[in-house]
Amino acid sequence: MLFNLVTTKKINQRAIKFHSIPLVLLVLFFVLMVGIGSVPGQASSLSAHVGDKPLHCMAYAVMAFLGFQSINAHRWIRITFSLILIASLGLIDECIQALLP
């Protein structure tokens, strides 16, 4: 019983902190990805060499890793944050692509 109270107290006192370097790298990578995707012919030429699905998988894996590294919290909070962040960035990317010719 005493152990549970002590661990609960430690968990409740732990603050969620963000690391600026992975967040900046994530934003830069996302801007680069959207920038390359918006140049006519650039995205299709990359897809021709590597393939569309492996490119998406690699890009979102890098962003998920950077999102996971950017937060200092319990592991499940980090995983949830990364998944929500990546889903949001994917939605933003698809909306931007829908606006482009």
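The accessible surface of the protein comes to about 7,400 Å². Carbon and sulfur atoms account for 73% of that area. The model is a predicted one. Its pLDDT averages 81, and 85% of the residues score at least 70. Residues 1–9 fall below 50 in pLDDT. Beyond near neighbours in sequence, this stretch makes zero contacts in the model. Where pLDDT is low, the predicted coordinates should not be read in detail.

The protein contains five helices and two strands. From the N terminus on, the order of elements is α-β-α-α-α-β-α. Of the 101 residues, 21% are buried. Contacts between residues at least 6 apart in sequence were also examined by separation. Among these, 68% join residues at least 24 apart.

Helix 4 covers residues 52–69. Its 18 residues should span 26 Å at 1.5 Å a residue, and the end C-alpha atoms are 26 Å apart, which agrees. Five residues of helix 4 can be named as buried: Ala 59, Tyr 60, Met 63, Leu 66 and Gly 67. Seen down the helix axis, the buried residues fall within an arc of 120°, so they line one face of helix 4. An α-helix has 3.6 residues a turn, so residues three or four places apart point the same way. On the other side of helix 4, Lys 53, Cys 57 and Phe 65 are exposed. The cover over the buried residues of helix 4 includes helix 2 (20–38), strand 2 (71–72) and helix 5 (75–99).

Helix 5 has 25 residues. The buried residues of helix 5 include Leu 85, Ile 86 and Leu 89. Arg 78, Ser 82, Gly 90 and Asp 93 of helix 5 are buried as well. Helix 2, helix 4 and strand 2 are the elements against which the buried residues of helix 5 pack.

The largest nonpolar core holds eleven residues in all. These are Leu 26, Phe 30, Met 33, Val 34, Ala 59, Tyr 60, Met 63, Leu 66, Leu 85, Ile 86 and Leu 89. Helix 2, helix 4 and helix 5 each give two or more residues to this core. Phe 30, one of the core residues, touches Met 63, Leu 89, Ile 92 and Asp 93, not counting residues up to four places away in sequence.

Phe 29 lies in helix 2. Residues up to four places away in sequence aside, Phe 29 touches Ala 59, Val 62 and Met 63. Phe 29 and Val 62 are 33 residues apart in sequence, yet their C-alpha atoms are 8.6 Å apart in space.

Ser 70 sits in the loop between helix 4 and strand 2. Ser 70 has 0% relative accessibility and therefore counts as buried. Leaving aside neighbours within four places in sequence, Ser 70 is in contact with Lys 17, Phe 18, His 19, Pro 22, Leu 23 and Phe 81.

Note on methods
Residues numbered from 1 in each chain as written. Predicted model: local features only at pLDDT ≥ 70, side-chain atom pairs only at ≥ 80, totals over all residues. Heavy atoms only, no water. pLDDT = per-residue confidence, 0-100. Contact = heavy atoms within 4.5 Å. Helix = DSSP H or I, 4+ residues; strand = E, 2+ residues; numbered from the N terminus. Expected span 1.5 Å × (residues − 1). Buried < 20%, exposed > 50% of the residue type's maximum accessible area, 1.4 Å probe, protein only. Arc of directions from axis to C-beta. Areas by Shrake-Rupley, 256 points an atom, 1.4 Å probe, with all protein chains shown as cover. Core = buried A, V, L, I, M, F, W, Y, C linked by side-chain atoms within 4.5 Å.
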